[in-house]
Each structure stands twice: as C-alpha cells, then as structure tokens.
Amino acid sequence: MSTLRLEHVTYHYPGTGIPALDDVSLNVEPGEFVVLAGLSASGKSTLVRAACGLVPHFHGGTFAGRAHVGGLDTREHGPGGLAAVCGTLLQDPETQIVMGTVRAELAFGLENRGLPASAVARGVEEAALALGVADLLERSTHELSGGELQRVALGAALAGRPPLVLLDEPTSQLDPVAGDELIWLLRRLNEDQGTAVVLAEHRLERCLAHADRVVVLRDGAIACDAPPREMLEWAAEHEPALLTPSARLLARAGLRPPPSGVKEARATLRAHGLLPDPAQAALAAAAGAEDDRAPRRRLSLPRRRPAGPEHAVAARGVWQELDGGQTVLRAVDLALAPGERVALMGRNGAGKSTLLRHLAGLQQPTRGSVQAAGRVALLLQNPGDYLLRERVGDEAPPAALERVGLGGLGDRHPRDLSGGERQRLALAIVLGAGSPPAALLLDEPTRGMDRAAKGALVSRLRELSGAGVAVLVATHDAEFAAALAGRVVLLADGRPIVDAPAAEVLAGGWHFATETARVLAEDAPAAGVLTPEQGGDLLRARMTIEVDA
Amino acid sequence: MYRRRVSPLHAARAGVTSLYGLALVALALASTHPLLLGAVAVAVVCAGVLAGVGPDLARTARFAVPLAILLALINGVVVREGLTVLARFGEVPPFGQIDITREALVYGLLVALRVIVVVLAFGLLVATVDPDEVLRGMRRVSFRSALTAVLATRMVPVLTRDAQRMDLALRARSDLDRSSAGTRVAVVRALAAGALDRAVDVAATLELRGYATRRRAAPRARVPWSRHDAGVFAAALVLSLLALWTVIAGAAAVDPYPRMTITTTSATIVLAAAAIAVALLPFASRRGVGDAL
C-alpha cells in the first residue's frame, strides 16, 4: 500500500478561478525520499497541504479527486486525524511551536492523540534522541535559535513515529548550516527508520543527492516525475531555472549525465580526464603547501583605513559592546567605494546584521565612528516589515515604483504581492524617489527565493551600482555572492578576518565557497572560477585543447 | 514570562504553585489594613526574590504603581465622604461638588496599595507557574478556553518579535515621521493584520498537532508528591485560612468613613507576621529544586 496516494486531485483556494493543484496524481511508497521541485507559486506548498489534510479542511476551497495518507482518506479525516500517519513541518519555525518548553512541545501531539502517559514519555525520549534535541528538553522554546526551533518542530511532528513526513520548504528561514543539518537529519530518518519523506524545496542542490525521485510541479500540475538525473536532463530542456550549479557546470561543458551533487560531478569530470586524480591532487596540494607562501592562495586581511570623501560609507574602528553582555563588533574597519558591490559573509552571530545597522545609522557604536557620503538605505530580512499601507501606490512614490518595475501595481494591496514583488516594493520604499542613496545595504535578501528571483535581484543591484550606489549584502548564499559581488568580507566574532576579491574568498573553502568552486577544488588551474558558466567555459576550452593536441 | 528556574515554587507542580499565588491574592483582598497589606507585599516580594523572579516583579511594579497612583487620585477627587475636609473646589461640572477629604485620600492610598500587592501576586504567579501545565489542565475542563489561551500565549512572543522588527524597519525609512499619529495608526494596523496571518499559521500548527481532535487526553502519569509540592501546598492552605479568618473574624478592620478608623490589635500583628512566615516557609528547603516535574 502506498504511504501517500493522490488521485486526480484538483483544488481551488476560496475565491480563486485558477486551480492551485490541477489533476495531480502521485504515489509515494513506504521509505521513499521524494523531492517536490518547481518555481515559486507552482503548487508545491498546496500539494503538501493537501497531503496533510489542511487542504481543504483548514483552508476551505473546492477539492476534487482523492488523497489517501497511510490508507486514510483526507476527505474523511482532518489534519488532526492524519497526524498519526503523517508528520508535517511548514516553513516558519516561529509559528511551528506552540508550547513553552521543548519537552512539552514534543509531548503535545502525543497527548492530543490520547496516548497513555508511558507512551507519551517514551515518544518524547525517542523523538529527542532521533532529532538530537535531548539536551534541549528542559529549555524554553523562546530561547531557541531558528535551526533549533525547526528541529524541535520536526521532532514534534515525528514524535509518534509516523510512516510519512511532509515538509514545506523547512530550510527557507534557516541559515545554510542549519538547513544542511536538517536535510541530513531527514536522510538519516529515511535510511535508519524507513520514514517516507516528501520535501518541497527551492535549493535542489541541497537535497537532490538524497532523493529517490523528484516531482516537478508547474502551474499546479505535475510536469516531471523522475529520478534526480533524469529530472535534471528534463530540466535542461524544459525548466533550466531548476538546474543545480553542478548540473549547469557540466551542461555548459557539454558533459553528461547531469550530476545530482558535487560528488557525482567530480566523478564525471574525472572520467573525462578533466579533474586530476585525488591522490595526485593531494600531492600537488602538499607540494603547494611546501612551496607555500604562494601569494595567490593567501587571503588578505583588511587594513583599509577609511576616511575621505571617496568612500560611500565607511566604518572606522567600530565597537559594539552590550551593557553587561558580550562584544558584538570589535574594531571593525570597512569602507565601500561608490558603485562597489561587496558581500558580507560569516556564520550566524558573527555580527553581520549589527554592522549593517551601524552603517545605516540605526545604532550608535560604543567606540569608533561611521561616515557616509550621503543617505544610507537599509533593506532588512523581511520585506513585509516595511509595508504599512493599504495600497502599493501609498507605500512609495510612483518614480520609485517605476524604478523597481512595480509601476503598474499601484492599486494592489501590498499583502497580495508575491514574495519577490514585496521585496521590490520594500526596495522602492528604502530607495525613495529622489536622488539615489550613497549606499544600499541588504540583510539576507535571498532567503526563500528561487533562482529566477535571485537573478532578477542581482540585475537590479548591478544597475544601482552602475549608477554609483555602493551595495553591501549580508548573505549566507555563496552563489548569490559570487554572482553579485566583486569583493567579499568575512566576519567572525565581530571582526573582519578576510577582505579580498570574491574570486579568492569563494574559491578556497568548504562553507564559504560556491558549488562550482567545490567541484573544481582539486583543479589548481581552475582556482578563482566561481560560477557554472565560468567553469563550463574553462572545461570546454580545455577539452578543445586536448582534441586539438 | 515563565522560565524554569531553580526554586521551590518552580519545582512544585503548577496547580499547587497556582494555589499559592491565589492564596496571596486572597489575603490581599481580605482587608485594606495597611499592616496586613504591607505584610503581604513583603511576602510577595521576598518570595519573588527567593524564587529568582525579582526582576520580573520589578517590571510588573513599573506598570502597577502608576495605575495605583491614578486610582488613589480618582478616589480622593470623586468620593465625597469623610469628615475631615482638606480642600473645597466648589461646583465642577460634570462632577458636581468637589471636596477633598483626608479619609478619601487615605482610603485611596490603601486601595492603591492593595492594587499593587494584587498585581505583584499575580506577577509572581505568572513567573512561577508553568503555562504548559495549566493549559493541559484547562483542556480537560474547557476545550475552547484552552485553545484561546494556547493561541494567546504563543502569539505574545511572536508578535513581540514582529513589533521589534517593524520598529527597526520604520527607523530605516527616511520618508516617514515616526512620531506622527498617522504613522502610528498605520503601524498598529499593519501589526494587527500581521497578527491575523500569524494567528492563522499557529492555528494551522495546532490542527496538525491534533489539538482539534477533541479526543479526551489520557490522564498523565502520576507523579509522586515532592517535598516542594507538599511545602507549597501547605503554605497555600494556611494562607487561605488566614484570609478566611481575616474576613470572618475582622482581625484587620478598616472603617474609612465618615472618620478613618484603622483597628490594630495583637491579632492583626500576629496575622501580619504569620502571613510573611507562612509565605516564606516553602523556601526553607532547597533539596531537589532543580528537578523537572
């Protein structure tokens, strides 16, 4: 019996004429790991909500067809009744937690099912151990980080050991480390416990290597249902925005088959003699270390003493020491020239957001100073926080809306806009209609964005920098940083530890590196190659030379 | 806000600690005698400090004291009883004849003191009683009330964070005057609209966790009574009896009008001393206070 079976499911949200799901039929077998892919608004979230019973029991609307979860018909059983056979995890960690302590949260669902006390206690212990949250059991939920909250919410969904877990972009609000940890946790549950996983996710490079199948949705209908490699081949022809960086790299070089991850990409390159043997690479690396003091590989520490009118914005020895607490920023010197595009990277808590607030003048340093050649605009993580009015046209002047491509949406309600449109509106608000600001600062602008939206944002920011606006982006997204920035500043424990060209910083590490750079990491001549397009061109040139030879 | 701390009040079960807090409230409501109210105030503050929630009580007091002062002033202005007239303001529409009497002022201050003590006692209760335990209990009694309470308690921290983020976004906007009434109204409206979205998300989570199944939750495992359960319960019982005795025997009588009479006998002094001693008795032992229930 299938764990999840959808038969010709068509669904309309209340008051809409266009179906969110259009004749969807899908089977998920016990122990399968299925990834739902698709662009924004393609129907991924609605499919997850239909499978867990929120559609139609919670959202209303018109539902046709049948959905069976663990043998239960979702027409007859609501989300609460289905909770025993499927656990569900949605996007926002903050609204996924309803109790005050982790222990109470894990016990909540089991108690609601009327299980005896001993079964509840055992379920809590097992979920805590399986999800690695045993040390958090007595902690208050409001003290947890986003990643911890999402793990606890997953634990609460899985506490009754349901045979199926449904996840709707669970990593979209998390930093990459927490996101990767969550995906690995799912893989372990899938392999060790045999739990079937249905995961809707934008960042396919994060999860394709673990998937048995990928189901691509387009306009609410299934456009492709195939194993990862076959899906990537399909995507190359029909939906290139779904290709992972590794797949784009090999496609650009004209190599097949498309890889589902970095490991497969390296294997294909080695098979074509385009990557050195790992043993040779290790020897070369060792020789390089002896030879060392290879200046090309060394990353420069910043010592750009800022001042002077040539800088759009500059921090000079900025300290932020909390009263009775920790030091968030330590003597930060950072200067941006007009028109410069800089990425600010570092792990959570490194001080990125605090530094942006200082540069925008929203916080005063406890020591040091900030100087700006003009207005400094700051776009925070959640664009919805800027939206106060009932009409888009009331939020920003017409010229500002035109500048971000929202000129025709003046009469719409801001909350009816898509995620990408909301961000553009927030950008119009902070940029204003007058002369452009001296600098534009953006805090994690790509969270939850698909590749097309990220590409559009890069183009917009390039345009602004072309007009002389210095752009500083705090981001965890190495691919986005590589596409946008010429310079990367790496922050750790409140101080810049690296300030160098993007080609140096993003090609030389594990975490702060693009996928293309990681694929080509063992290839010394490819050092500094960051994007699939650069890498693909390099590989093609190399193949041409070999053929000529 | 509740946070598990290492204290006898936190170590005791939620029902018992709730009774303790309510008994202190009852004692404060039993009389407006300044000695008794002072004793209950001392008991509440000392219990709060010993339970590690002193800063929480200080925050509560910052809200309670201005409210209490306002009440005292209103009582002094509005009440026309009392024989000792301190000032006459004549006819003031729409209130009529305004006479400030010593009795009305003093009684207003006593009512204000009572308000402060009651609010502090509730503050102690909120800071030391695990809301999850209370909600579990409520669910067995009233599903709808518990659902509302779950949503409300969860929404408080979520909306607090939303408001902080919106404030930061507002400060990042150069096109708005933050102090204008229009901006404030817009912010409140946006926050309210956001609150509805957030409430829908939390409600969806409750659905997914099976809260709406209305299946009667199985009784929880019987947890043996700890020394702190027994100690806090005994204190709550004695405090309740003291409150009852105060009412029935009139051990701390106050007769504000027409002339203020505050009767203080040896019984009143014993009552005040007993209130402090009994309230602090549970803190005599700290063995096992770090255990979770």
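The model is predicted: local features need pLDDT of at least 70, side-chain atom pairs count only at pLDDT 80 or more, and totals for chains, interfaces and linings use all residues. Residues are numbered from 1 along each chain as its sequence is written, while chains are lettered from A and ligands numbered from 1 in the order in which they are written.

**Stop 1: where the chains meet**

Colour chains A and B. The contact takes 47 residues from chain A and 43 residues from chain B. (Two residues are in contact if their C-beta atoms, placed from the backbone, lie within 7 Å.)

Now select α3 (79–82), α4 (102–112), α5 (117–130) and α16 (419–431) of chain A. Each supplies at least two residues of the side of chain A that touches chain B. The largest share, five residues, comes from α4(A). (Helices are DSSP runs of H or I, at least four residues; strands are runs of E, at least two; both are numbered from the N terminus.)

**Stop 2: the sheet**

Stay in chain A. Six strands form an open, mixed sheet in the order β15-β16-β17-β13-β18-β19. (Two strands pair if DSSP finds at least two bridges between them.) β15 (376–379) and β19 (495–501) of chain A stand at the edges with a single partner strand each, so one side of each has no neighbour in the sheet.

Select β13 (residues 341–345) and β18 (residues 487–492) of chain A. They run parallel, joined by four bridges. Find A:Met345: opposite stands A:Leu490 in β18(A).
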